[in-house]
Amino acid sequence: KSNDFSITVRPLPDPYAGADQHNCSASTTLNALALNSGETGFWTTIENSPAVCIPSDNPVTQISNLRMGLNKFTWTVTLNGCSLADTITVYNDKMVVNAGDDFATCEKDTSFNAIPLQGASWINVSGGGTIVDPNHYRSRVLNLSQGESKFVWMINKSGCVSGDTITISNDRPEVCEAGPDFTTVIMDAQLNASEPEDGSIGKWS
């Protein structure tokens, strides 16, 4: 004699965490597939991501504190005691860029001193100067304009532009004129040099 028994097949949930994202900031919104009747869900971070999900039990949740680069999140859905999960990858493509400290020089030619960054390049945004090698973190810059010139060490990663600005002050005085040579037959004479520019002091020697 055989024993009859029944088997109940419970439908499995079908979670979808949404498409992978590329962002230019440390915050974003995750948009998982809406829950069906009887389903519950929750978000978790994986791979030691410091990001925070608020609220963690809603398919649509706000994410903050994304680390630069890759962040992964899992959306787990439970139905009738059965759970399945889907993972989404969020890339924070913002980068840390360091152009170095501002400085002053008495020369018309000098060098940058940025932190090396693959793919970064220099641009001049105010003042003037010829950048010899725009892709080198320590490029020479020639023929600096008098006064302040600003340069940006910048990078574009997946459409996210990150940059840092350095100000170089060229304090080299303008070329001074001592006046024309002349001959005199008396012991006293008056010299007629050009007036020093603002902020400069002239001296005869």
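## A cluster of aromatic rings

In this predicted model, Phe112, Trp122, Phe151 and Trp153 are joined into a cluster by ring pairs. Across the whole structure, a search finds 4 aromatic pairs.

## Two aromatic pairs in detail

Trp43 and Trp75 make up a tilted pair, with 5.0 Å from centre to centre and 35 degrees between the planes. Trp43 belongs to strand 3 (residues 40-46) and Trp75 to strand 6 (residues 69-79), so their pairing ties together parts that lie 32 residues apart in sequence. Both Trp43 and Trp75 are buried.

Phe112 and Trp122 form a stacked pair, at 3.8 Å centre to centre and with 20 degrees between the planes. Because Phe112 sits in the loop between strand 9 (110-111) and strand 10 (121-126), while Trp122 sits in strand 10, this pair ties together parts that are 10 residues apart in sequence. Phe112 has a relative accessible area of 0% and is therefore buried, the limit being under 20%. Trp122 also counts as buried, at 3% relative accessibility.

## The nonpolar cores

The largest nonpolar core has 15 residues. Those that touch the most other members are Phe112, Leu117, Trp122, Val141, Phe151, Trp153 and Ile168. At least two residues of this core come from each of strand 13 (147-157) and strand 14 (160-170). Strand 13 provides the largest share, 3 residues.

## The cluster and the core together

Phe112, Trp122, Phe151 and Trp153, linked by ring pairs, are also among the residues of the largest nonpolar core that touch the most other members.

How values were computed: Residues are numbered from 1 along each chain as its sequence is written. This is a predicted model: local features need pLDDT of at least 70, side-chain atom pairs count only at pLDDT 80 or more; totals for chains, interfaces and linings use all residues. Side-chain values use heavy atoms; hydrogens and water are left out. Rings of Phe, Tyr and Trp (its six-membered ring) pair if their centres lie within 6.5 Å; planes under 30 degrees apart count as stacked, over 60 as edge-to-face and the rest as tilted. Helices (H or I, at least four residues) and strands (E, at least two) are DSSP runs, numbered from the N terminus. Buried means under 20% relative accessible area, exposed over 50%, partly exposed in between (1.4 Å probe, protein chains only). A nonpolar core is a set of buried Ala, Val, Leu, Ile, Met, Phe, Trp, Tyr and Cys residues joined through side-chain atoms within 4.5 Å.
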